[in-house]
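Open the model in your viewer and keep the selection tool at hand. This tour moves from stop to stop, telling you what to select and what is there.

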Amino acid sequence: MFTQMIRFVTFLAVIGIVGTAGVVRAVPPSLADTAISLAAASSPGVQFVHVATADNTAGTYTFIDHPLLNNNPSAVIIATPNWNPGGGSGVYNDHPIAAVYFSPKWLIVNQDIASMPAYAAFNVLVPKAGPNAFVHTATVTNTFHNYTLIDNPLTNGKPNAKILVTPGDTTNSHPIGVWYNGTKWGIFNQDSANMPTGTFFNVFVIPETYAGGFVHQATAANISGNYTVIDHPLINGNPNAIVFVTPNWNPGNVGGTYNNHNIGIWYSSSQQKWAIFNQDLAAMPVNAAFNVLVLVPQSDVFVHKATSANSTGHVTDVDHPLSNNDPNAIVFVTPNWNPGGVGGTYNNHNIGVYYSGPLNKWSIFNQDIATMPNDAAFNVLIPHPDASVFVHKATAANTSGHITTIDYPLTNNKPNAILLVTPNWNPGNVGGTYNNHPIGVYYTGGKWTIFNQDFAAMPPNAAFNVIVPRPGPGEAVFVHQASAANTSSHVTFIDHPLTNGNPTALVLVTPNYNPGGGGGMYNNHPIGVYYEVFSGKWAIFNQNLDPMPLNAAFNVYVRVNQVYVPLIIR
């Protein structure tokens with residue numbers, strides 16, 4: 001591989017960035033937080049979708065606001081353009097990108113100085129700290145013509161290694177890939193332009209034993225025009241999958257195919273598969289190969305019960321392998337008055353979740369600091385972290401009065417979207433903001449919002465876990481509306497085949513002011529769910545026993561393919 005010419009690229013000047021990390025407050029149980037590991041042991045790292053919006057985009061770049069990355073210049077970031085997260089319409093960004101740190105935040109930048117398109121989306125991976133994640137710098141001793149060689153024991157002498165790469169600066173504005181020279185792996189410019197010394201790259205070596213890492217090769221059978229379709233059971237039929245891709249010139253040290261184009265990934269709804277595409281619509285070459293990483297699906301729904309062993313003051317600690325040691329886990333909670341149709345404990349308080357650094361666990365807490373009752377129970381959802389799951393934070397730009405507006409492709413212009421929301425006191429174990437008010441969601445102006453039912457001002461930096469669930473086997477997502485026929489006093493009964501006669505069903509709810517974008521009904525009360533043995537139905541109720549308003553509506557998520565566990569054993 002060689003080059004005949006050198007291109008000089010103007011370095012990006014970044015100006016006018018506003019924003020700081022969250023202000024640290026006292027932890028709900030009056031304990032000081034400490035730093036912990038980046039992610040659950042089963043995951044290669046923290047993954048999420050970043051979308052360029054008016055709030056976070058200026059000129060050539062969009063800045064990422066994530067607690068794991070803010071004020072962290074040593075982070076390693078892998079980014080892949082995602083044309084249509086969630087499988088909807090998409091946005092092209094035919095430019096070489098880089099992940100660049102400009103204090104206090106990381107940016108995704110178009111290296112050729114082109115403006116960042118509104119709603120351009122990027123899958124972002126922050127690998128767990130360790131030898132698999134590192135920064136490679138091109139030097140005079142490791143750089144030749146259009147490539148720079150990586151010298152690392154995880155890749156040396158391993159032609160089947162799978163490497164993901166993202167530029168870490170803007171000095172090499174070319175489509176890149178990786179290749180194996182017989183002994184070492186290198187990063188190269190697809191257009192044969194000289195590789196500038198001093199440029200650096202974020203590198204992640206996918207663990208050999210990780211099932212979510214594989215090589216995809218374009219063939220005549222899977223190519224259509226400018227894209228090649230991936231056929232893999234981990235992502236087939238899942239438009240919310242988060243996929244990472246780096247071109248691989250000669251996987252296994254066999255062959256060698258250039259693809260001198262900026263690439264991205266997109267979901268084909270007609271084929272129910274993800275594809276890798278050339279942003280400029282150029283034909284995808286036969287035998288072009290790509291290293292691919294996807295997250296192995298893991299999720300759980302269970303009942304957590306407060307006991308003297310797992311509760312202190314207004315807090316009860318959740319002990320679960322999918323959330324332990326992971327401050328970036330996204331947890332959803334609904335109070336369950338009588339799990340399994342047995343017992344019954346009220347908790348007439350607005351709740352939220354927060355991460356305790358000293359315990360390395362997530363906890364459920366009462367926003368008003370009231371004591372957590374023994375036997376208070378909660379349905380807990382820890383979903384597979386894909387594009388449907390994210391954290392929304394109230395900022396000056398997206399908040400007005402008691403409302404904060406969500407700007408996200410899976411919810412924008414979708415009045416029939418069904419969202420579940422749980423307040424998150426300190427996402428990523430950073431900051432901490434109380435919002436002691438009953439919340440709900442409502443649709444207006446093409447966007448969904450989170451609002452305080454009592455019209456109290458939404459606090460700056462209040463954060464919320466949000467999911468737009470897609471039901472799988474044994475699951476259902478629907479809207480329940482209180483009517484004269486299904487409502488009695490402070491209770492409205494759900495009539496659904498997955499919950500009727502099933503006291504072990506796991507039900508999570510979020511108030512929806514105006515499902516479908518029409519009408520609207522407030523329900524300014526802390527809510528919960530319970531199972532009524534007499535009728536054989538689940539119900540949504542107001543914890544303070546105030547009457548349930550007719551036409552009050554609720555987004556409902558149900559899972560029934562779980563074995564009921566009465567409490568978390570610690």
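Select Met-521. Leaving out residues up to four places away in sequence, Met-521 touches Tyr-513, Pro-549, Leu-550, Asn-551 and Ala-552; a contact means heavy atoms within 4.5 Å. Now show the C-alpha atoms of Met-521 and Ala-552: they are separated by 5.2 Å, although the two residues are 31 residues apart along the chain. Met-521 belongs to the loop between strand S39 (506-511) and strand S40 (527-532). Strands (E, at least two residues) and helices (H or I, at least four) are DSSP runs, numbered from the N terminus. The relative accessible area of Met-521 is 29%, so Met-521 is partly exposed. Buried means under 20% relative accessible area, exposed means over 50%, and partly exposed lies in between (1.4 Å probe, protein chains only).

A note on the model before the next stop. It is predicted: local features need pLDDT of at least 70, side-chain atom pairs count only at pLDDT 80 or more, and totals for chains, interfaces and linings use all residues. Residues are numbered from 1 along each chain as its sequence is written, and side-chain values use heavy atoms, with hydrogens and water left out.

**The whole chain**

Zoom out and colour by secondary structure. The protein chain has zero helices and 42 strands. Its radius of gyration is 25 Å, close to the 25 Å that the globule rule gives for 570 residues, so the chain is as compact as a globular protein of that length. That radius is taken over C-alpha atoms, and the rule is 2.2 Å times the number of residues to the power 0.38. Along the principal axes, the C-alpha atoms fill a box of roughly 80 × 50 × 45 Å.

Switch to a surface view. The protein chain exposes about 20,800 Å², and carbon and sulfur atoms supply 56% of that area. Accessible areas come from the Shrake-Rupley method with a 1.4 Å probe; for residues, only the protein chains shown count as cover. Of the 570 residues, 59% count as buried. Among contacts with a separation of 6 or more, residues 24 or more positions apart account for 76%.

**The loop between S10 and S11**

Select Thr-155. This residue sits in the loop between strand S10 (147-149) and strand S11 (163-167). Is Thr-155 buried or exposed? At 1% relative accessibility, Thr-155 counts as buried. Beyond residues up to four places away in sequence, its contacts are Ile-150, Ala-161, Ile-163, Tyr-180, Thr-183, Trp-185 and Val-205.

Stay in this loop and pick Asp-151. Which residue forms a salt bridge with Asp-151? The partner is Lys-184, with the closest N and O atoms 3.7 Å apart. The pair links distant parts of the chain: Asp-151 in the loop between S10 and S11, Lys-184 in the loop between strand S12 (176-180) and strand S13 (185-189), 33 residues apart. A salt bridge here is a side-chain nitrogen of Lys or Arg within 4 Å of a carboxyl oxygen of Asp or Glu. Asp-151 counts as exposed at 57% relative accessibility. Lys-184 is partly exposed at 26%.

Next, select Lys-158 and Glu-208. These two form a salt bridge, and their closest N and O atoms are 3.5 Å apart. Lys-158 lies in the loop between S10 and S11 and Glu-208 in the loop between strand S14 (200-205) and strand S15 (213-217), so the pair ties together parts that are 50 residues apart in sequence. Lys-158 is partly exposed at 28% relative accessibility, whereas Glu-208 is exposed at 65%.

**A bridge across the sequence**

The structure holds five salt bridges. For another one, select Lys-393 and Asp-65, whose closest N and O atoms are 3.4 Å apart. Lys-393 is in strand S29 (residues 389-393) and Asp-65 in the loop between strand S3 (61-64) and strand S4 (78-81), 328 residues apart. Lys-393 is partly exposed, with a relative accessible area of 24%. Asp-65 is partly exposed too, at 37%.

**Backbone stops**

Most residues other than glycine have a negative phi, and most peptide bonds are trans. Select Ser-103 and Pro-104: the peptide bond between them is cis, with omega near 10°. Pro-104 is in the loop between strand S5 (97-102) and strand S6 (105-110).

Go to Asn-253. Its phi is positive, near 65°. Asn-253 is in the loop between strand S18 (243-248) and strand S19 (263-268).

Finish at Asn-360, which has a positive phi of about 55°. Asn-360 is in the loop between strand S26 (351-356) and strand S27 (361-366).
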